[in-house]
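Subject: Structure handover

Hello,

Here is the structure we talked about. Please have it open while you read; my notes follow below.

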Amino acid sequence: MQRNDLKRDKRFRKHLARELQVEQPPESYLKAVRAALDDLPDELPVKRRPFYQSALRACAAFAAFLLVAAVGVYGAYLANPVFVESLPGVGQIFQELHREDQEQPSPAPWDQESHVNQEQEVLEEIPPFEPQTLVGGGGTLIVQDAWCDRLYLHMEAELYLEDQENPPLSTYADPYDPSTDTLAVYVDGQQAESLGESALFAQKENGLYSVSWIFQLPEERRHGETLDVTLEMPCLTNYSGANLTTDIYGGFPVTVDTSRSLIQDLETEDNGITLKRVEATPSCITIQAAVPEFGSLASTMMLPYSQLDQATQRLGYYGQLTTPDGEILPESPYPFSNFTSYPDVPADDGLYHVTYTFQALPEGVGQAIFTLYEYSPATVSSNGENPASNRVTAEFTIDLGTRRVYASQNYLAAGRKKLDYRISADIDRTPDPVNGYICPMPDTSENFTTWCLYTRDTEYRPVELHRYENEELAAVYTSAPEEEYNAYAEGFSVYQGNQHLFREAHLDSLDLGGTWNVLLFQLYDTENSDFFYDSPASRYELVDGETGEVLIQDVFRAFCQQYDQVFGTQLEGSHFGEDSAGDVSDVEQTTDEVSTASPLPR
Amino acid sequence: MERLVRKAQRGDKAAFVALIEQNQLALYRAAKAILHREEDVEDAVQETVCKAFFKLSDLRQPKYFKTWLTRILINCCYDLLRQQKGLVPLEILPEDGAEEERETSLDVQLVLDELGENDRLVLTLFYLNDISVKDIAGMLSISEGAVKQRLSHGRKKFREAYEEREQGKVVARHAKK
């Protein structure tokens, strides 16, 4: 498919909305929504945390406190053993410890290999699944294959119906109506959760319907265990919503096969990032990581003002999983996970805890490389382009063959650098201003374009934004000092011109590196224009309102240059057709250059 | 939006109202792609608002509110179709006179109808409601590749029909002169 097919250009959207007749909803619709809202109670139901959860949290907090206290006292013991041994209560414990230290050789460091060997025990071979036939009142289900990888149960089945039905048939069940339940699977008497909202049956040439189901086991199982699987399928749903009686009930055994799975709790660290758990199965790969502070995305000043508030996303925790050949494994594979959640704020331990889920490795591939990046590759380009300037923050190799997870450095061969977590949060990521102005991404979240400009100069300076169409001056949007503001919009005083709205605001935040002045030009007259901010025929020029000096000849181009400088992209080249390599700001030090560089592949 | 979701999850109805008002156009567009009749659209969206109100506390990640809400809406739309027994989806049921019209008219609306509701829904969700390919795939239980294919197909068909019609207009204008 062409790359443009996934570009949401405004012109296409406008035409599409017009042709679908959905530019604006009718008044009756708005009234209906209002009526629905009015009919609702005054307060939404709130989910209360069950008592036992609170109690568990309290216990966990107390345990954490004890651990911290123990570590603190042990630290003090290492520094001054005589003092700690003399403390009342704990002193005796340390006296005992001291005696043992003298009597025994110090324990060997954590022996990864021995741990690995334990995991590497030879697993008994699991015989292939014997197809099972479950005969029901309305049809027959043949379970052709079923396998369990320790966490998930997979089934491939074919259905023969007494009466032919037009597809699609599904196990769709209304989550709000239990009477529509169509399928339930129990493992050793406990219901297994079906993944995916509905499973469609596909009709085959021979008239049978085939289906694939995945269930999450109620609990993890061990290699070689036999699961007692019971299946209940009283009915199915056809497209028109009618229930089709199948009355299929039956059971069969499935033996767990973990030979292609690697599930480990870990403390594997690289550049301050610790992998806490890896679950690699033929179903999917889930990785839990704890990431230190690398700085904020907002600090690039490339986000429009309206997004600064929401853009509290941090840097350094964007994960990507690849095969050794560089194939990117899709993230959040359906139905195993919805989305990777990147927290905005750290947990109590000061770290960002992220759980990533990726599609499983293709059959025959024994290694996966998990790389964390400074910026999300999707931020740089929605097409998945990830330029070498996007620095790595950590890299790990998950080796299913040797059943090991270790820090690695494949990124070096790709010409990438690793960003040291000890300096990252203090790096100035702002691009070079043009005559004092930084031009962030134009904001088109409304139906018109809003240009933002950030400047360190907090004094009012009269400026004008000139819009040129085919190099003819089409409009002039002026700034205005606060005392001339004449309107009120969205809770703020503004200056309302004939075709635009202007506002100036001060920003002061540590994330943004101090104080900034933001100038906002909302251009209402661009709403129904065929000239878009990035149209080759359009040009926006920033001019000094008093002297007429041109401050920025092309604001959009300045944005492209500054964006390229921050993210290492080629926006300017792609929009202006020139071979203008992005001027990537160099980080003064990366982990590969500082004295305590991250370890070589271990 | 996330802040509003968190407020609403703490019971604040005003925040919930603001969320629905922010999303009412997107809801309308998505429902219209499936249902067509204005009164059905209104019913489905009312039902969605009601379900969202009572289920919002279950939403674990506020940033996916829009996707979650759209998913509820799609379920409500299909529920409504199911309730209207005997109603056949558009791609199966040929419209009255559609064949004849196809030969004589370059109506873009007709092309959009021809696309079938699934393609229209995917086009609407992606281009008008700003939902990502990945989220659409999850929402409709289809692969990302299938979403991209539908987007590509839909956009191509739409562009061709639109350009043909615009050319037709130019030719007609010249002919008048």
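Start at a hairpin in chain A, the one made by strand 26 and strand 27. Four residues sit between the two strands, and A:G513 has a positive phi near 75°. Bear in mind throughout that this is a predicted model.

**Around strand 27**

Strand 27 of chain A covers residues 514–523. It is mostly covered, with eight of its 10 residues buried. Strand 26 (residues 500–509) of chain A pairs with strand 27 through 10 bridges, in the antiparallel sense. In that pairing, A:F502 is opposite A:F521. Strand 21 (residues 449–455) of chain A also pairs with strand 27, again antiparallel, over seven bridges. There, A:W451 is the residue opposite A:F521.

What does A:F521 touch, leaving out residues up to four places away in sequence? The list includes A:W451, A:L453, A:V463, A:L465 and A:Y477. A:H500, A:L501 and A:F502 are on it too.

**The cores**

A:F521 also matters for the count in the largest nonpolar core, which has 73 residues. With A:I287 and A:Y356, A:F521 touches the most other members of this core. Helix 10 (residues 555–567) of chain A contributes the most, at eight residues. Where does the core lie relative to domain 3 and domain 4 of chain A? Domain 3 (262–424) and domain 4 (437–576) both give residues to it, so the core lies between them.

**Two open sheets in chain A**

One open sheet has four strands, in the order 11-12-13-16, with antiparallel pairing. Strand 11 (262–270) and strand 16 (352–359) are at the edges. Each has a single partner strand, so one side of each has no neighbour in the sheet. From one strand to the next, the twist averages 15°. Strand 13 (residues 284–291) and strand 16 of chain A are joined by eight bridges and run antiparallel. A:Q288 is opposite A:T355 of strand 16.

The other sheet to look at is open as well, with five strands in the order 15-14-17-18-19 and antiparallel pairing. Its edges are strand 15 (328–329) and strand 19 (404–407). Each of these two has a single partner strand, so one side of each is left without a neighbour in the sheet. Five bridges link strand 14 (residues 318–322) to strand 17 (residues 367–373) of chain A, and the two run antiparallel. A:T322 is opposite A:I369 of strand 17.

**A buried serine**

A:S408 is in the loop between strand 19 and helix 9 (421–424) of chain A. Is A:S408 buried or exposed? A:S408 is buried, at a relative accessible area of 3%. The C-alpha atoms of A:S408 and A:T371 are separated by 9.4 Å. Along the chain, those two residues are 37 residues apart.

**Backbone angles to check by eye**

Most residues other than glycine have a negative phi. Two residues here go the other way.

- A:R150 is not a glycine, yet has a positive phi of about 110°. A:R150 sits in the loop between strand 2 (139–148) and strand 3 (152–161) of chain A.
- B:D130 is not a glycine either, and has a positive phi of about 60°. B:D130 sits in the loop between helix 7 (117–128) and helix 8 (133–140) of chain B. With 41% relative accessibility, B:D130 counts as partly exposed.

**Chain A overall**

Some totals to finish.

- Chain A has 11 helices and 29 strands.
- Of its 602 residues, 46% count as buried.
- Among contacts in chain A with a separation of 6 or more, 62% are between residues 24 or more positions apart.
- The chain exposes about 30,500 Å², and carbon and sulfur atoms supply 49% of that area.

Best wishes

Definitions and conventions. Residues are numbered from 1 along each chain as its sequence is written. Chains are lettered from A and ligands numbered from 1 in the order in which they are written. This is a predicted model: local features need pLDDT of at least 70, side-chain atom pairs count only at pLDDT 80 or more; totals for chains, interfaces and linings use all residues. Side-chain values use heavy atoms; hydrogens and water are left out. A nonpolar core is a set of buried Ala, Val, Leu, Ile, Met, Phe, Trp, Tyr and Cys residues joined through side-chain atoms within 4.5 Å. Buried means under 20% relative accessible area, exposed over 50%, partly exposed in between (1.4 Å probe, protein chains only). Domain bounds come from an automatic or database domain assignment. Contact means heavy atoms within 4.5 Å. Two strands pair if DSSP finds at least two bridges between them. Axes are lines fitted to C-alpha atoms, for helices over the stretch in contact, and angles run from 0 to 180 degrees between N-to-C directions. Accessible areas come from the Shrake-Rupley method with a 1.4 Å probe; for residues, only the protein chains shown count as cover.
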